[in-house]
Amino acid sequence: MPWRTIIPVLLTTFTLAGTVWLSWPANLLLVLLVPATIMAWWDFFQYDHTLRRNYPLIARVRWVAEDLRPFAQNYFVEGDLEGRPFSHQERALVYARAKGDLDAHPMGTELDVYSDEYEWLGHSIAPDDSAPEYWRKRVGETTCKQPYDAALLNISAMSYGSISGRAIEALNKGASIGGFAHCTGEGSVSRFHEHHGGDLIWQLGSGYFGARAKDGSFDEAKFTDTAASDQVKMIEIKLSQGAKPGHGGVLPAAKVTKEIAAARGVPEGETVYSPAAHSAFSTPIEMLEWITQLREASGGKPVGIKLCVGQPHEIMAITKAMHQTGMHPDFITVDGAEGGTGAAPLELSNSVGMPLREGLIMVRNALVGTRFKDRVALAASGKVHSGAKMAIAFALGADWCNAARPFMFSLGCILAKQCHTGNCPTGIATQKEWRQKGLVVEDKGDRVARYQRQTVHSLREIVVAMGHETPWDIAPHDMRERINGARSDSIDRIYQFCKEGALIDDPDSTRLARHWKAASPETFRRVA
């Protein structure tokens, strides 16, 4: 037996034996060493972990270090700009705004303005401070009996079940105070969403929670009942999300509690599956017909879709179907591959899906190129945490923005990265009652509202500095990006932005011609 294996065990055993002959320290040492000895012998005789068998007790330091790594990395290792998915500087900005603290930054930017990480918005010599304090975007004005005036920053989809009831309640309280919308996530509307009366965007995923028949298919009668709520202002059909695009979901039986089962309309204590694809439609035209059906069944509320762009020809197929039938969604939410979730396969998060910038431009071009941009609002979701990020999204074609993780930061999330374990230390991404007790809804709701208000105000300051009257006036040529250390150009010279009707009138004049030719309103499959 190698010395490095047996010495920790023998040392612990002999020390324990020696304490029997000592005086008063013996009791204290016994309390410490008895468990250590048992653990050392357990490590030596187990077969699951090589390190623990070769280095009893000592090897456990590795697991302790692994557990502490996210915390040490956040506070002692990372620089202000290095953290992922959000840097310390980005998180600090959200915390400051949520608490009402000073959010100014001293000594200038820490970014390397000559590296390709730098991009900027062009300001005006003659800024105009006559812009209104607050803007809203009307959604569904031409199609809906109950159009909705959306705020420019809303809470993106986070389901009850993935985050706690108290977190949901605090988010909705903030939405109620601030007059902005709270997306339910595909887990449907729970009592925690309803407690404070904030506006809701009901997200309907492939599991049809809240409108689900016993066999898992869509139930229109249940949909009508849920959509009739005065709190539900819009319905969002989730086709895919950035963190796990094209992937279904499984809610294990152990997590299907009485309250989660009630919100989702599923049996308590049974595993629930969300398919990767919807069963209510299978072609672009069928999807538009279903959207029209939902709009009518909801009493005329706006209905839209949410997706992370994958295959460009599929976006073209949807807009071809819109052009052919005249039917269309009231809004499209574009999620980027940089979007977050409580848990996702690493390969999907890292390697599947189009980032927000390219995806937003793609959908914007498809709508403008088919003359639907004035009828279909466009929302951007994916690491939008500041007024500057909002302004960039508007430059690329967005009409409003959604955010999820920044609102979690406003609740007190410390980026512990324990969302998938159920052991979130801040009581946000957990269902354990004792972990939720520290999350005080009354306090956190105010922080949510304050963060949203200050961020939208910062957008206004940028709009004014750029000499515009509204954020919708920000154009691609107002934004510049570095190509290398010596060259930069406006974003419209780097990406192509389609002209009005170009895909209908002359698709060959665009870079989207091959995707347009490969698209059919009759199928999501490639046809050419």
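In which strand is Asp 335 found? Asp 335 is found in strand S11, residues 331-335, where strands (E, at least two residues) and helices (H or I, at least four) are DSSP runs numbered from the N terminus.

Before I continue, a word on the basis of these values. This is a predicted model, in which local features need pLDDT of at least 70, side-chain atom pairs count only at pLDDT 80 or more, and totals for chains, interfaces and linings use all residues. Residues are numbered from 1 along each chain as its sequence is written, and side-chain values use heavy atoms, with hydrogens and water left out.

To return to Asp 335: its relative accessibility is 5%, so Asp 335 counts as buried. Buried means under 20% relative accessible area, exposed means over 50%, and partly exposed lies in between, with a 1.4 Å probe and protein chains only. Leaving aside neighbours within four places in sequence, Asp 335 has contacts that include Lys 306, Cys 308, Met 354 and Ser 381; contact means heavy atoms within 4.5 Å.

I turn next to a helix pair. Two packed helices are described by the angle between their axes and the distance between the axes. Helix H6, residues 165-178, packs against helix H17, residues 441-465, at an angle of about 50°, and the axes are 7 Å apart. Here axes are lines fitted to C-alpha atoms, for helices over the stretch in contact, and angles run from 0 to 180 degrees between N-to-C directions. That angle makes H6 oblique to H17; angles under 35 degrees count as roughly parallel, over 145 as roughly antiparallel, 65 to 115 as roughly perpendicular and the rest as oblique.

On the H6 side the contact residues include Arg 166, Glu 169 and Lys 173, and on the H17 side they include Val 441, Lys 444 and Asp 446. By class, the contact has 6 nonpolar, 3 polar and 6 charged residues. In this scheme Ala, Val, Leu, Ile, Met, Phe, Trp, Tyr, Cys and Pro count as nonpolar, Asp, Glu, Lys and Arg as charged, and the others, Gly among them, as polar.

How many of the 14 residues of H6 are buried? The number is 10, so H6 is largely enclosed by the rest of the structure. Among the buried residues of H6 are Ile 168, Glu 169, Asn 172 and Lys 173. H6 is followed by Gly 179, which has a positive phi near 70°. Just after H17, Gly 467 also takes a positive phi, of about 80°.

His 193 lies in helix H7, residues 191-194, and counts as buried at 0% relative accessibility.

Arg 357, in helix H13, residues 356-369, counts as buried at 18% relative accessibility. Its C-alpha atom is separated by 7.4 Å from that of Leu 396, 39 residues apart along the chain. Beyond four places in sequence, Arg 357 touches residues including Glu 119, Leu 396, Glu 481 and Tyr 495.

Finally, the backbone. Most residues other than glycine have a negative phi. Leu 57 is not a glycine, yet has a positive phi of about 70°. Leu 57 lies in the loop between helices H3 (50-54) and H4 (60-77), and is partly exposed at 26% relative accessible area. Lys 417, likewise not a glycine, has a positive phi of about 60°. Lys 417 sits in the loop between helices H15 (405-411) and H16 (433-436), and is partly exposed at 43%.
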